[in-house]
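Try each task before reading its solution.

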Amino acid sequence: QVQFVESGGGLVQPGGSLRLSCAASGINFRLYDMAWYRQAPGKQRELVAGITSGGSTDYLEPVKGRFTISRDNAQNTVYLQMNSLNPEDTAVYFCKAHRVVMKRNYDYWGQGTQVTVSS
């Protein structure tokens, strides 16, 4: 059974930092591309940052230079370090695992963790 345990969300003031963690079990973690998505109230879910199984990273333009995605394959965990947070970053953040095997997509989602940026 695939499970994700997300943590690290909370309330932070503008300009502050948070570090999100997503610990996976039930998958061969090192073979999966991992990503963080977010969904704000009334908006569509959007891809914030991704890291491939090989370690290549990519970011949504508004978070470049502020957010850093990383992974620890020994701990089956993906992280999102978020700095210089602003109210527009307020959303529920989800981790996602993705892999393609024999042209079939395998996608698994975490339960989400709330991030609120407010003074």
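The exercises below go from the whole chain to a single residue.

This is a predicted model, in which local features need pLDDT of at least 70, side-chain atom pairs count only at pLDDT 80 or more, and totals for chains, interfaces and linings use all residues. Residues are numbered from 1 along each chain as its sequence is written, and side-chain values use heavy atoms, leaving out hydrogens and water.

**Exercise 1.** Find how many helices and strands the protein chain has.

Solution. Start with the DSSP runs: helices are H or I with at least four residues, strands E with at least two, numbered from the N terminus. The protein chain then shows zero helices and 11 strands.

**Exercise 2.** Compare the radius of gyration of the protein chain with that of a compact globule.

Solution. First apply the rule, 2.2 Å times the number of residues to the power 0.38, with the radius taken over C-alpha atoms. For 119 residues this gives a value near 14 Å, and the protein chain has 14 Å, so the two agree. Next, look along the principal axes: the C-alpha trace spans about 45 × 25 × 25 Å.

**Exercise 3.** Locate Asp89 and decide: buried or exposed?

Solution. Begin with its place, the loop between β8 (77-82) and β9 (91-101). Then take the cut-offs: buried is under 20% relative accessible area, exposed over 50%, partly exposed in between (1.4 Å probe, protein chains only). At 1%, Asp89 is buried. Finally, list its contacts (heavy atoms within 4.5 Å). Leaving aside residues up to four places away in sequence, Asp89 touches Arg38, Arg66, Phe67, Ser84, Val115 and Val117.
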